[in-house]
Amino acid sequence: MVCEKCEKKLGKVITPDPWKSGARNTTEGGGRKVGENKALTARARGSPYTTNFSCCRICRQKVHQAGSHYCQACAYKKAICAMCGVKMLNTKNYKQSST
């Protein structure tokens, strides 16, 4: 779970999305450059030369998303943004299945 503010910080995937209307990585509308080598120009997608992955601030598990401070399981359980930790919704009356 990522909030709207942190969605801009997410990396783009190399292959274009076939569902064009909601995709961020299409060539129409300035989303991607044609002929761009995404393996070289990827900002913080995960460099193969670095082994520095941060740990989750709650459970101390390795986080596999660049720039995130919380793992996906903890972000779901607490209903917070995985990158900044902002509360996204109230889960008081929800019955969540994650352990």
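In which segment is the place of V86? In this predicted model, for which local features need pLDDT of at least 70, side-chain atom pairs count only at pLDDT 80 or more, and totals for chains, interfaces and linings use all residues, V86 is placed in the segment after α2 (72–78). Residues are numbered from 1 along each chain as its sequence is written, and side-chain values use heavy atoms, with hydrogens and water left out.

The secondary structure of the protein chain consists of two helices and zero strands, where helices (H or I, at least four residues) and strands (E, at least two) are DSSP runs numbered from the N terminus. Of the 99 residues in the protein chain, 21% count as buried; buried means under 20% relative accessible area, exposed means over 50%, and partly exposed lies in between (1.4 Å probe, protein chains only). The accessible surface of the protein chain amounts to about 7700 Å², and carbon and sulfur atoms hold 53% of that surface, with accessible areas taken from the Shrake-Rupley method with a 1.4 Å probe and, for residues, only the protein chains shown counted as cover. Among the contacts (heavy atoms within 4.5 Å) in the protein chain with a separation of 6 or more, 29% come from residues 24 or more positions apart.

In soluble globular proteins, nonpolar side chains tend to be buried together. The largest nonpolar core here has eight residues in all, namely C56, V63, Y70, C71, C74, A75, I80 and A82, a nonpolar core being a set of buried Ala, Val, Leu, Ile, Met, Phe, Trp, Tyr and Cys residues joined through side-chain atoms within 4.5 Å. When neighbours within four places in sequence are left aside, C74 is in contact with C56, I58, C59 and I80.

In the loop between α1 (38–41) and α2 lies S68, which counts as buried because its relative accessibility is 2%. The side chains of S68 and Q65 are joined by a polar contact of 3.1 Å, that is, a pair of N or O atoms within 3.5 Å, of which, within protein, one must be able to donate a hydrogen and the other to accept it, while residues adjacent in sequence count only if both atoms are side-chain atoms. Apart from its neighbours within four places in sequence, S68 is also in contact with S54, V63, A82 and M83. The loop between α1 and α2 also holds R60, which is exposed because its relative accessible area is 59%, and the phi of R60 is near 65°, a positive value in a residue other than glycine.

The segment after α2 contains A79, which is buried because its relative accessible area is 1%; the phi of A79 is near 60°, again a positive value in a residue other than glycine. With residues up to four places away in sequence not counted, V86 touches A79, I80 and C81, and V86 is partly exposed because its relative accessible area is 43%. The C-alpha atoms of V86 and A75, which are 11 residues apart along the chain, are separated by 9.8 Å. T91 also belongs to the segment after α2 and counts as buried because its relative accessibility is 18%, and, with residues up to four places away in sequence not counted, T91 touches A79 and Q96. L89 is likewise found in the segment after α2, and L89 is partly exposed because its relative accessible area is 34%.
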